[in-house]
Amino acid sequence: MSTPTRRRLMRDFKRLQSDPPGGISGAPCPDNIMVWNAVIFGPADTPFEDGTFKLVLTFDETYPNKPPTVRFASKMFHPNVYANGELCLDILQNRWSPTYDVAAILTSIQSLLHDPNPNSPANAEAASLYRENRKEYVRRVRETVESSWE
Amino acid sequence: MEDLGSDSGVQSQPDKGKGTADDEDGATQDYGDTYDFDDDDEFFGMDDSGFEPVVSSRDQRKPWEVEYHVHDAHGLHDKQEAMINRLVPVLSVSKDITTILLRNSQWKEESLVERYLSDPDKTIRDAGMFPNAPAPELKTGNEDFTCEICYCDGPEEVYLGLGCGHAFCTDCYVTYLTGKVLEGMSWRIRCPGAKCKALVGEQAARLLLANEPKILERYEDNLTRSFVNDLDSFTWCPAPNCEYGIECHVPKSAWATIVPTVHCRCGKAFCFGCNMDDHMPAPCFLVEKWLQKCKDDSETSNWLKANTKECTKCKATIEKNGGCNHMTCRKCAHEFCWVCMGPWTEHQQAYYQCNRYNEDSSKNARDSISKSRALLERYLHYYSRFSNHERSAKLARRLLTTTETNMEQMQRNSSMSWIEVQFLSAAVDMLSACRATLKWSYVLAYYMESDNQKLIFENNQSDLEMATETLNELVENPVHERTIEEAKRLIIDKTQYVKTRWETLLRDTAQGLQENRWKFQD
């Protein structure tokens with residue numbers, strides 16, 4: 001069945017394949033174009049370096065007028081990621097624009113990794129460590145990087 | 001023996017301010033509509049047909065009345081248009097931009113003009129518009145066009161772009177607008193482009209939604225809604241399903257000395273300041289204080305008064321739930337007699353009987369209690385009268401139904417016509433208005449410091465109260481041992497008298513508040 005949402009998701013997929021931004025990859029499930037699996041590689045020169053973080057993006061027929069729901073499938077330790085993997089990112093909420101595509105979402109999340117916003121914490125412990133004990137913060141992040149390889 | 005904190009017990013909020021919800025008192029109802037902008041023109045337009053405009057007493061505002069206008073949806077729309085059209089030549093930019101500038105500055109014309117004249121371009125850009133941008137139009141036939149939302153492209157696509165340069169096909173634009181409009185948005189809808197601050201503007205929105213009449217109607221609705229919400233001098237009538245907007249220019253700073261009661265065309269009388277039901281003669285700030293106090297105290301205090309006494313030494317509230325009269329306070333270990341409240345040491349062996357009521361020490365103990373209870377007594381004095389009038393106001397509304405039966409009966413039993421028995425419903429309307437005023441007058445009295453000015457106020461209050469009760473009795477039982485003609489004459493007389501008392505009280509309090517005649521305490 002072809003709907004504007006599905007057509008748009010196919011275009012997103014083609015764009016992602018033909019012009020992939022560095023450090024991210026993603027593809028719809030073979031049997032359901034509305035659910036995508038994606039991987040973000042931890043940006044270099046950040047505590048997340050070498051991590052391979054898996055995400056699941058779920059779209060509905062309101063896309064691209066409404067954002068998809070995005071959550072990390074890998075364990076994360078980050079000020080703006082909740083314990084259940086959901087994340088707090090403005091462009092996935094009130095700053096959403098229908099011109100964002102999957103590539104734009106994934107690159108935004110990638111930049112959120114090394115540029116957290118500790119003022120609106122989804123994980124209070126990560127936020128306070130990020131502010132007050134950077135060494136311990138890095139150690140905890142490295143743990144998740146290692147667990148992301150499993 | 002139990003020690004009770006003063007906050008224990010049942011708390012409940014007295015049914016607040018329902019007294020006047022449906023009041024349509026004859027004295028003010030006719031005045032409700034006459035201050036409408038729209039109606040004014042028609043009113044004076046009557047000159048042509050040979051009628052002189054009658055300057056009757058209803059056009060002279062009473063001291064307790066404020067000027068206001070009731071607008072329907074059309075009136076509100078015209079009001080916006082008038083404000084916009086007035087400013088277009090001043091700013092000499094397009095109407096679309098003027099509209100956005102006005103909305104963006106909460107319709108504060110003066111500060112907008114000032115800002116605009118100092119830097120026109122910046123003012124327009126800050127508001128999310130583009131100076132010198134051509135009027136929005138649907139375009140087609142562009143080889144290079146690609147919609148950034150659905151990626152459709154080619155010369156056959158119809159699209160629209162704003163001054164920001166982002167262009168989208170009409171299908172995507174309409175879907176986007178529809179979503180935002182249904183969320184309740186109107187002029188604040190921005191260009192769909194990522195992080196773009198450009199506003200879509202009313203002209204572009206109307207162009208795009210031309211084929212979606214339902215959504216367009218909702219969009220226009222949202223515009224009016226934001227107009228009334230953005231302006232301090234406008235408010236919506238709070239009655240359910242009422243769609244009238246009220247315009248009133250009594251500034252917020254004056255609400256302490258003026259009660260801005262307005263009467264909507266739907267019949268609702270409410271305060272423009274706090275949107276509560278009409279609470280004349282008490283000003284908003286006292287009403288708020290009172291309702292908060294009632295919420296905190298009323299039921300608890302009632303229960304405490306009925307069931308507890310205070311320890312004469314530490315004032316702990318004590319409920320006696322069994323045992324003899326020899327009390328030992330759990331808090332301070334003071335021993336006293338429950339009956340005379342004197343110290344137990346003076347009771348010797350008289351365990352089960354206290355006949356020492358007049359002894360000095362027990363008298364002193366009772367005095368100290370009575371002081372702290374006096375405040376409570378005072379509050380309850382006013383509260384019981386306040387709630388009594390509130391209840392009576394509800395009964396008065398029920399009375400209206402029985403009155404209608406009475407009126408029918410009178411028409412059958414006498415030669416009176418329908419018009420001739422209207423005096424009865426007029427009396428009930430007057431009663432309702434008085435009940436509401438009396439109710440809130442007790443709030444005003446509670447906070448007034450005692451002095452001669454308060455005495456004058458209380459005299460007015462009691463005059464009105466007595467007159468109201470007499471009228472109430474008459475209306476409830478109009479033909480008791482009287483002929484119908486006698487009853488009619490009596491009720492008409494009494495209604496007129498009550499009205500005079502009512503107006504006297506309102507005039508006096510309105511003037512008193514203006515003159516700061518009373519000192520208010522906490």
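Me: Which residues of helix H2 in chain A are buried?

Reply: In this predicted model, helix H2, which spans residues 102-114 of chain A, has as its buried residues Val102(A), Ala103(A), Ala104(A), Ile105(A), Leu106(A), Ile109(A), Gln110(A), Leu112(A) and Leu113(A).

Me: And what covers them?

Reply: The cover over the buried residues of H2(A) includes helix H1 (4-18) of chain A, together with strands E1 (24-29), E2 (32-41), E3 (52-58) and E4 (69-72) of that chain.

Me: OK, which residue does the UniProt "active site" annotation cover, and where is Cys88(A) found?

Reply: According to the unreviewed UniProt entry, the "active site" annotation covers Cys88(A), and in the model Cys88(A) sits in the loop between E4 and H2 of chain A.

Me: What is Cys88(A) in contact with?

Reply: Apart from neighbours within four places in sequence, Cys88(A) is in contact with Asn80(A), Tyr82(A), Leu112(A), Ser120(A) and Ala122(A), and Leu112(A) is also one of the buried residues of H2(A).

Me: Switching to chain B, how do the axes of H13 and H14 cross?

Reply: The axes of H13(B), residues 452-476, and H14(B), residues 484-514, come within 9 Å and cross at roughly 155 degrees, so the two helices are roughly antiparallel. The crossing of H13(B) and H14(B) is left-handed.

Me: What kinds of residues make that contact?

Reply: The residues in the contact of H13(B) with H14(B) divide into 12 nonpolar, 7 polar and 4 charged, including Phe457(B) and Leu464(B) from H13(B) and Arg501(B) and Trp502(B) from H14(B).

Methods. Residues numbered from 1 in each chain as written. Chains lettered and ligands numbered in written order. Predicted model: local features only at pLDDT ≥ 70, side-chain atom pairs only at ≥ 80, totals over all residues. Heavy atoms only, no water. Buried < 20%, exposed > 50% of the residue type's maximum accessible area, 1.4 Å probe, protein only. Helix = DSSP H or I, 4+ residues; strand = E, 2+ residues; numbered from the N terminus. Contact = heavy atoms within 4.5 Å. UniProt positions renumbered as here; feature names shortened; annotations may be inferred. Axes fitted to C-alpha atoms, helices over the stretch in contact; angles between N-to-C directions. Parallel < 35°, antiparallel > 145°, perpendicular 65-115°, else oblique. Left-handed = near helix turned anticlockwise from the far one by under 90°. Nonpolar A, V, L, I, M, F, W, Y, C, P; charged D, E, K, R; others polar.
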